Amino acid sequence: MRALYLGVLFSPSIMMAPFADSFGPQFRELWLHVVLRTLETAGPAFIKWGQWAATRPDLFPRDLCKKLSELHSKAPEHSFAYTKKTIERAFGRRLSEIFDGFEEAPVASGSIAQVHRASLRFRYPGQKVKPIVVAVKVRHPGVGESIRRDFVIINLAAKISSVIPAVKWLRLDESVQQFAVFMMSQVDLAREAAHLSRFIYNFRRWKDVSFPKPVYPLVHPAVLVETYEQGECVSRYVDELQGHERLKSALAHIGTHALLKMLLVDNFIHADMHPGNILVRVAQKKSSQKRLFRSKPHVIFLDVGMTAELSKTDRVNLVEFFKAVARRDGRTAAECTLRLSKQQNCPNPKAFIEEVDEAFAFWGTPEGDLVHPAECMQQLLEKVRRHRVNVDGNVCTVMVTTLVLEGWQRKLDPGYNVMDTLQTLLLKADWAKSLSYTIDGLMAP
């Protein structure tokens, strides 16, 4: 019955897909909108698949990825009665025994869980202490079973699509295989707590970057209690705040150095670094409102369920790729790209290398020099998709995370170039001797 319902739900977007490129830009925009709304309606497994697909321009067209990135919007909420029952079942105690105060209305809701604000009950009655405000993340009812059931259907539909010429270009079978591991890791909130602990340790010496702290033992696969972090969404500084260039430039530098540390030093990358998961906190001075923007900003990264780690070989290949992009060396960039998968099935590697080399030759001319390195990388990923070049999921996640970060960094400080910073660090680092110590020393805050 579920498969039948989904078949009816997806029928409009499937029937429109063969004509998406034939009936003009307005029809294609309509099709993209239908795909987005269909995934939203289909449930958490499909929302998560869409969010993941938005980070894979090597598999899907750029405009589809951009549209699917809108799936980060607020999801439906479940009842407080279910929240209360889930917490009490997870920890074996009544809600009032754990919390002094608990806000019934959630402050945020995603496709997997929703978040409530609460204050922890102090363990030692009679002592006057400031209450600890926490965020309580509670998994939606039946979401794990729902995702497992829907994934069986998605996998079957993807296999069928691989033999249908009209939708074969979407490469659904390939994307579903790479999506499987990512999906199930998102459901376990205890795994997210472990990720938080690892990030906190990695950034223990950084004063301007932090993460919520999991409150053990209040950690369970269905419930995660963590410190509640105050701050404003970074999108306010990116899109709304006028002036205050010094503050924006500081944010650009902090965000870039944090990502480069994750990538080059720790090999543990926050792979969902869109603006909604980044808060900014600026210490306020009582004497003057203007001093608000004289302080150095503090960045808090949220929602670390999705992470990426690379093998030693992938790290070396990816760094060589970034070097080649920054130097506008097309042949090397293409060759590195072909090595970014253990199972490379590109039908014509020579044609791919020649096309990339030709594009980079233009980017090396005075006219092409106006093209930003990040745009070069976007166009390269488009060629990866057209030539069916395989790129392992974790590697592509890192590449796209770099592009997402670069996008909002460029808005914060147009003069600051993430790719140039990356190139500078890579050229200074001695890879043959000590990658981690060299880069960590260069980027020490």
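Predicted model: local features only at pLDDT ≥ 70, side-chain atom pairs only at ≥ 80, totals over all residues.
Let's start with Lys296, which pairs up with Asp208 in a salt bridge; their closest N and O atoms sit 3.2 Å apart.

Lys296 has 54% relative accessibility, so it counts as exposed, the cut-off being over 50%. Asp208, on the other hand, has a relative accessible area of 7%, so it goes down as buried, which takes a value under 20%.

Next up is Glu192, whose salt-bridge partner is Lys137, with 3.0 Å between the closest N and O atoms. Here too the link joins distant parts of the chain: Glu192 is in helix α10 (residues 189–202) and Lys137 is in strand β4 (residues 133–139), 55 residues apart. As for accessibility, Glu192 and Lys137 are both buried.

Glu382 is partly exposed, because its relative accessibility is 22%. Arg385 comes in at 16% relative accessible area, so it is buried.

Altogether, the structure holds 18 salt bridges. Some of them share partners, and in that way Arg2, Arg149 and Asp150 are joined into one network.

## How α13 packs on α14

Now for a pair of helices. Two packed helices are described by the angle between their axes and the distance between those axes. For helix α13 (residues 312–327) and helix α14 (residues 330–338), the angle is about 155° and the axes are 8 Å apart. Angles over 145 degrees count as roughly antiparallel, so α13 gets that label relative to α14. The crossing of these two helices is left-handed.

Which residues of α13 and α14 meet? On the α13 side they are Asn317, Glu320, Phe321 and Ala324; α14 brings Thr332, Ala333, Cys336 and Thr337. Sorted by class, this contact is made up of 4 nonpolar, 3 polar and 1 charged residues.

Notes: Residues numbered from 1 in each chain as written. Heavy atoms only, no water. Axes fitted to C-alpha atoms, helices over the stretch in contact; angles between N-to-C directions. Helix = DSSP H or I, 4+ residues; strand = E, 2+ residues; numbered from the N terminus. Parallel < 35°, antiparallel > 145°, perpendicular 65-115°, else oblique. Left-handed = near helix turned anticlockwise from the far one by under 90°. Contact = heavy atoms within 4.5 Å. Nonpolar A, V, L, I, M, F, W, Y, C, P; charged D, E, K, R; others polar. Salt bridge = Lys/Arg side-chain N within 4 Å of Asp/Glu carboxyl O. Buried < 20%, exposed > 50% of the residue type's maximum accessible area, 1.4 Å probe, protein only.
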